[in-house]
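Here's a quick tour for anyone meeting this structure for the first time. Take a look at it, then read on for the helices, their contacts and their charged pairs.

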Amino acid sequence: MQEIKIRKAKETDIKSIDKLLFEVHKVHSDVRPDLFKQGAKKYTDEELIAIINNDKTPVFVA
């Protein structure tokens with residue numbers, strides 16, 4: 001069994017976080033295109049940088 005390491009996200013993780021955000025958004029936009037724009041994501045990279053660098057909004061990656 002492979003051990004999964006969990007750690008706080010870094011700015012270098014944004015590319016992978018973006019991929020996940022697009023996948024999650026696609027699930028929503030496929031079901032509710034009236035509410036969710038196709039090909040979008042919830043946060044811009046600039047917003048992600050601010051979130052990742054703010055100790056009050058911890059983000060963890062595995």
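This is a predicted model: local features need pLDDT of at least 70, side-chain atom pairs count only at pLDDT 80 or more; totals for chains, interfaces and linings use all residues.

A helix here is a DSSP run of H or I with at least four residues, and helices are numbered from the N terminus.

**How the two helices meet**

- Helices α1 and α2 pack at an angle of about 115°, and their axes lie 11 Å apart.
- The crossing of α1 past α2 is right-handed.
- On the α1 side, the contact is made by Ile-14, Ile-17, Asp-18 and Leu-21, while α2 brings Asp-45, Leu-48, Ile-49 and Ile-52.
- Sorted by type, the residues of this contact come out as six nonpolar, two charged and no polar.

- Is Asp-18 buried or exposed? Asp-18 counts as buried, because its relative accessibility is 11% and the cut-off for buried is under 20%.
- Leaving out residues up to four places away in sequence, Asp-18 touches Lys-41, Asp-45 and Leu-48.
- With Lys-41 there is also a polar contact, side chain to side chain, at 2.4 Å.

**The network around Lys-41**

- Lys-41 and Asp-45 join their side chains in a salt bridge, at 2.7 Å from N to O.
- Salt bridges with shared partners tie Asp-18, Lys-41 and Asp-45 into one network.
- Lys-41 has a relative accessible area of 21%, so it counts as partly exposed.
- Asp-45 is partly exposed as well, with 30% relative accessibility.

**Other salt bridges**

- Arg-32 pairs up with Asp-34 in another salt bridge, where the closest N and O atoms are 2.6 Å apart.
- What sets the labels of that pair? Arg-32 is partly exposed because its relative accessibility is 37%, whereas Asp-34 reaches 55% and so counts as exposed.

**Ile-51, over in helix α2**

- Ile-51 belongs to helix α2, which spans residues 45-52.
- Its relative accessibility is 22%, so Ile-51 counts as partly exposed.
- Which residues does Ile-51 contact, leaving aside its neighbours within four places in sequence? They are Tyr-43, Thr-57 and Val-59.
- Ile-51 and Glu-11 are 40 residues apart along the chain, and their C-alpha atoms are separated by 9.8 Å.

Conventions:
Residues are numbered from 1 along each chain as its sequence is written. Side-chain values use heavy atoms; hydrogens and water are left out. Buried means under 20% relative accessible area, exposed over 50%, partly exposed in between (1.4 Å probe, protein chains only). Contact means heavy atoms within 4.5 Å. A polar contact is a pair of N or O atoms within 3.5 Å; within protein, one must be able to donate a hydrogen and the other to accept it, and residues adjacent in sequence count only if both atoms are side-chain atoms. A salt bridge is a side-chain nitrogen of Lys or Arg within 4 Å of a carboxyl oxygen of Asp or Glu. Axes are lines fitted to C-alpha atoms, for helices over the stretch in contact, and angles run from 0 to 180 degrees between N-to-C directions. A crossing is left-handed if the near helix is turned anticlockwise from the far one by less than a right angle, and right-handed if clockwise. Ala, Val, Leu, Ile, Met, Phe, Trp, Tyr, Cys and Pro count as nonpolar, Asp, Glu, Lys and Arg as charged, and the others, Gly among them, as polar.
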